[in-house]
Amino acid sequence: MNHLYEVLTVDGFRDFFDISVKISDAIYTLTFEDGSSLRCTASHLIKTSTGFVEARNLNIGDIVLPAYSKLFNSVINYTPEEVYDLTYRDWETDRKSTRLN
């Protein structure tokens, strides 16, 4: 089990214990008002002021936490690309969960 790094889940930060490689059909590049950006898959969960939202469902102007920065632009690249899944255990329900990067 990994104890050095954690992944932010809808249930808070969790240790992850497995990484697998997949090919994604589309990569989103999200650019924020403060100039920062994030590359992720459509199903990547983004923490917003209204809760967690998949990247594909973000709207321009949504506030992304913890930086409280507004989404300024979203670009989709449909070139297949390697992405990584992190698998973590939800200790409260004792089930494995996977989050796509």
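Trainee: In what order do the elements of the protein chain run from the N terminus on?
Mentor: They run β-β-β-β-β-β-β-β-β-β. This is a predicted model, and its protein chain has ten strands and zero helices.

Trainee: How much of the chain counts as buried?
Mentor: Of its 101 residues, 33% count as buried. The chain exposes about 6,600 Å², and carbon and sulfur atoms supply 51% of that area.

Trainee: And contacts between residues at least 6 apart in sequence, what share of them joins residues at least 24 apart?
Mentor: That share is 49%.

Trainee: Which residues make up the largest nonpolar core?
Mentor: There are eleven: Tyr28, Leu30, Phe32, Cys40, Ala42, Ile46, Val53, Ala55, Leu58, Val64 and Leu71. Strand E3, residues 27-32, gives the most to this core, with three residues.

Trainee: Why would such side chains sit together?
Mentor: In soluble globular proteins, nonpolar side chains tend to be buried together.

Trainee: Take Val53, then. What is it in contact with, leaving aside neighbours within four places in sequence?
Mentor: Val53 is in contact with His44, Leu45, Ile46, Thr48 and Leu58. Ile46 and Leu58 are also listed in the largest nonpolar core.

Trainee: Changing topic to the surface. Which residues form a nonpolar patch there?
Mentor: Ile19, Val21 and Tyr84 do, with about 280 Å² of accessible area together.

Trainee: Where are Val21 and Tyr84 in terms of strands?
Mentor: Val21 is in strand E2, residues 12-24. Tyr84 is in strand E9, residues 81-90.

Trainee: How far is Tyr84 from Thr41?
Mentor: In sequence they are 43 residues apart. In space the C-alpha to C-alpha distance is 9.9 Å.

Trainee: What about Asp85, buried or exposed?
Mentor: Asp85 is buried, because its relative accessible area of 2% falls under the 20% cut-off. Asp85 has its place in strand E9, the strand where Tyr84 is also found.

Trainee: Which side chain does the Asp85 side chain make a polar contact with?
Mentor: The side chain of Lys22, at 2.9 Å.

Definitions and conventions:
Residues are numbered from 1 along each chain as its sequence is written. This is a predicted model: local features need pLDDT of at least 70, side-chain atom pairs count only at pLDDT 80 or more; totals for chains, interfaces and linings use all residues. Side-chain values use heavy atoms; hydrogens and water are left out. A nonpolar core is a set of buried Ala, Val, Leu, Ile, Met, Phe, Trp, Tyr and Cys residues joined through side-chain atoms within 4.5 Å. Buried means under 20% relative accessible area, exposed over 50%, partly exposed in between (1.4 Å probe, protein chains only). Helices (H or I, at least four residues) and strands (E, at least two) are DSSP runs, numbered from the N terminus. Contact means heavy atoms within 4.5 Å. Patches are made of residues with over 30% relative accessible area and no salt bridge: like charges are joined within 9 Å, nonpolar side chains (Val, Leu, Ile, Met, Phe, Trp, Tyr) within 5 Å. Accessible areas come from the Shrake-Rupley method with a 1.4 Å probe; for residues, only the protein chains shown count as cover. A salt bridge is a side-chain nitrogen of Lys or Arg within 4 Å of a carboxyl oxygen of Asp or Glu. A polar contact is a pair of N or O atoms within 3.5 Å; within protein, one must be able to donate a hydrogen and the other to accept it, and residues adjacent in sequence count only if both atoms are side-chain atoms.
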